[in-house]
Amino acid sequence: MPEGDTVYQAARRLHSALAGKVLTRSDLRVPKFATADLTGRAVLDVTPRGKHLLTRIEGGLTLHSHLRMDGSWKVYAPGQRWSGGPAHQIRAILGTADRTAVGYRLPVLELLRTADEHRAVGHLGPDLLGPDWDPDQARENLLRDPARPLGEALLDQRNLAGIGNVYKSELCFLLRATPWLPVGDLPAEHLAQLPVLAKKLLETNRDRPARNTTGRREQRLFVYGRAPRPCLRCGTPVRVADQGDGSRERPTYWCPACQPGPTPAPGAHARRPSRPRTTN
C-alpha cells in the first residue's frame with residue numbers, strides 16, 4: 001500500500017534511473033497528454049511530496065503522478081521483461097539509453113509547468129519525509145478541527161503528508177487511542193508525541209523493503225491486517241472496521257482493550273477480517 005515511505009522509495013529508484021539523462025522514449029497514455037513528446041529532454045530530478053511524485057524535466061516541465069492504492073513505477077534494464085502488469089494498465093513510459101521507467105495503473109498523471117507545481121501539491125501539509133517538515137505546524141493543523149476523529153485527521157494530507165491506512169492504524173495503537181477518538185480529546189502528552197512518533201515510523205521504514213513498526217521479525221505490524229488475531233500487547237482479538245464516509249475502503253484496525261475511546265457500533269461499518277493487499 002503506497003504511503004509516504006513507499007513513495008519515497010519509488011522516487012529514489014526513479015531518480016537513480018533517470019536523473020541527469022536524456023529521454024529517448026516518452027509515452028503518456030492518458031488522453032489529455034497523449035500527444036506530449038518529452039524525448040530529447042533531460043530529467044532533472046524526481047522528488048517525493050507526501051504521496052505525490054514530481055518528475056522534473058528540462059524545459060520547465062514536471063510530470064506529476066500519484067500511486068493511490070494500486071499504482072506503481074517499475075524500472076527496467078534494456079531487454080528485461082516488463083512485469084508490472086498487463087500492457088493495458090501502463091499509463092506512462094519514460095526511457096533513456098540504459099533504463100526504462102514504466103508507470104502502471106496510475107490514477108493521477110499530468111504534465112504541468114514546474115512553476116505550477118503548487119496546483120498539484122500546494123494544499124499539502126508538512127511532509128513527514130520532506131525538508132519542509134514542521135511538527136508544530138502539523139500539530140496545529142490537526143487541532144483545527146478538534147471534533148474530527150483522529151484516524152480521519154491523520155489521513156487528511158492537508159494536515160500532514162505521508163500517512164495512509166497502515167500508519168494511521170499503527171499510530172493510533174501506539175498512542176493508545178481509538179481512531180474514532182476526537183483529536184481534541186487526545187491527552188496533551190500524546191498529542192505532543194504524535195508528530196514525532198509519526199516521523200520516526202516513516203523515517204525508520206523509508207530504507208526498508210518490508211515495513212516494520214514493531215521491531216520484530218515475525219510480526220512486523222501491531223494491529224494492521226491482524227484481525228481477529230490477538231493483540232501483541234494484551235492478547236485481546238484485534239478488530240477491524242471501515243472508517244470515513246464510505247466513498248473509499250478505509251480498513252481500520254485497533255485493539256478494543258489497549259485503545260480506549262469511541263468505536264463503531266456493533267455491526268456498523270463492520271468488515272470481514274482478511275489479509276490486506278499489502279502489509280509491507
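Analyst: Phe173 and Phe222 are both buried, that is, under 20% relative accessible area, where over 50% is exposed and in between is partly exposed (1.4 Å probe, protein chains only). The model is predicted, so local features need pLDDT of at least 70 and side-chain atom pairs count only at pLDDT 80 or more, while totals for chains, interfaces and linings use all residues. Residues are numbered from 1 along each chain as its sequence is written, and side-chain values use heavy atoms, leaving out hydrogens and water.

Rings of Phe, Tyr and Trp (its six-membered ring) pair if their centres lie within 6.5 Å; planes under 30 degrees apart are stacked, over 60 edge-to-face and the rest tilted. By this rule there are four aromatic pairs. One of them joins Phe173 and Phe222, which are stacked because their ring centres are 5.0 Å apart and their planes at 25°. Phe173 belongs to helix α5 (residues 165-174) and Phe222 to the loop between α6 (188-205) and β9 (239-242), so the pair ties together parts 49 residues apart in sequence. Helices (H or I, at least four residues) and strands (E, at least two) are DSSP runs, numbered from the N terminus.

Tyr224 and Tyr253 form an edge-to-face pair, with 4.8 Å centre to centre and 65° between the planes. This pair links distant parts of the chain, 29 residues apart: Tyr224 is in the loop between α6 and β9, and Tyr253 in strand β10 (residues 251-254). Tyr224 is buried at 2% relative accessibility, and Tyr253 is buried at 3%.

Arg233 lies over the face of Phe173, 4.0 Å from the ring centre; the criterion is NZ of Lys or CZ of Arg within 6 Å of the ring centre and within 35 degrees of the ring normal.
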